[in-house]
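Please open the structure in your viewer and keep the selection tool at hand.

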Amino acid sequence: MKKIERINTIMRYINNRSFFTISEIMLEFNISRSTAIRDIREIEAMGMPLEVEVGRDGGYSVMNNSILPSIRFTDNEVKALFIAFMASKNQQLPYLEGRQSLAEKLLGLIPENQQETLVLLNQILLFEGTNPNNPDLLDLSDLPHPMLENLIQLLLLDCHLLITIKEGKAEKSFPIFLLHLYREKSLWQIEGFDLEEEKKRIFSVDNIINVEPYPTKTKVTRKKVLEKLSKQKEVINLIIEFGPKAIAQFKKYHPFKYSISYTNPYQTTGILKTFVNVNIPEELTDITNWLLFLGEDIKFREVPEEVLESLREKLFLYCK
């Protein structure tokens, strides 16, 4: 019997009794004491209200002899959940083990006829990163950076963090107020407000070697941080008009900080106004490649000369 099936069966067994012991679970399901204890703990974590009775003859009882109401999914809800799990494969998302066990539990909760439908969907629907010869295969790239889950746990408690990164052979620490944790170009990034220099910084999670709460007596709020950043807004030096084809490309991919203002009610034309720091080679390269990705359906209203020169160099290399 698979683990999820066993746990579901134990839950039904428990709910039909006012009192039970670990020994009874071991005997009924032919499992070891350690397995029985682990299963009971997992059932408690799922929300079953169990009460421990200590002593020689102690065991467990269900509080008020009741269980939380069962959740029933409609056919479309099951498909929506399953497709969401399929689409999240090989995306370097955190809590991989939790996502896998959640998918197993979902399958264990639904009738067999719905399970067959999901198996068919898994064979037919393919998402980016899916191996067509084995849709269930998880690539090694699906494993998120080991720092990611720890980072999420910390930021849920406090956004004041001390980030230590590796720059070449040196290590450097930054006290920041975390604004966003996002994924761009298959890499997880942190957008934070440097609490000492009072400016925005971007860190790659891959470069982080340590993260811990920042013990500051003077806490700042997100509102206060955004107010300070609004006073530091860079002067716009790139203005682009978008046609429908370029908008379609924009929707496929665009840098995290860029957004379009649509100029007609049908959202077939739009305009982008932003700042490009041409003194950072990596940013100049990224914007050049992205502008080429957008295609011919764009018009420049304003553009730095450095960006135009970079575009000319790229096009010259392509035409060689």
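Select Leu81, which counts as partly exposed at 33% relative accessibility; buried means under 20% relative accessible area, exposed over 50%, and partly exposed in between, with a 1.4 Å probe and protein chains only. This model is predicted: local features need pLDDT of at least 70, side-chain atom pairs count only at pLDDT 80 or more, and totals for chains, interfaces and linings use all residues. Residues are numbered from 1 along each chain as its sequence is written, and side-chain values use heavy atoms, with hydrogens and water left out.

Leu81 belongs to helix α4, residues 75-87. Helices (H or I, at least four residues) and strands (E, at least two) are DSSP runs, numbered from the N terminus.

Next, select His180 in strand β4, residues 170-184. His180 is partly exposed, at 37% relative accessibility. How far apart are the C-alpha atoms of His180 and Ile202? They are separated by 9.6 Å, and the two residues lie 22 residues apart along the chain. Leaving aside neighbours within four places in sequence, His180 is in contact (heavy atoms within 4.5 Å) with Gln189, Ile190, Glu191 and Phe256.

Now turn to the salt bridges, of which a search of the whole structure finds twelve. A salt bridge is a side-chain nitrogen of Lys or Arg within 4 Å of a carboxyl oxygen of Asp or Glu.

Select Lys219 and Asp158, whose side chains form a salt bridge at 2.5 Å, N to O. Lys219 is in the loop between β7 (208-213) and α8 (222-230), and Asp158 is in the loop between α7 (146-157) and β3 (160-167), so this pair ties together parts that are 61 residues apart in sequence. Lys219 is partly exposed, with a relative accessible area of 46%; Asp158 is also partly exposed, at 21%.

Proceed to Glu198 and Lys228, a salt bridge with its closest N and O atoms 2.9 Å apart. Because Glu198 lies in the loop between β5 (187-194) and β6 (199-204) and Lys228 in helix α8, the pair ties together parts that are 30 residues apart in sequence. Salt bridges that share partners also join Asp194, Glu197, Lys199 and Arg201 into one network.

Within that network, select Arg201 and Glu197: they form a salt bridge with closest N and O atoms 3.1 Å apart. Is Arg201 buried or exposed? Arg201 is buried, with a relative accessible area of 17%, whereas Glu197 is partly exposed at 48%.

Display the side chains at the contact: Thr9, Ile10, Tyr13 and Ile14 come from α1, and Glu24, Ile25, Glu28 and Phe29 from α2.
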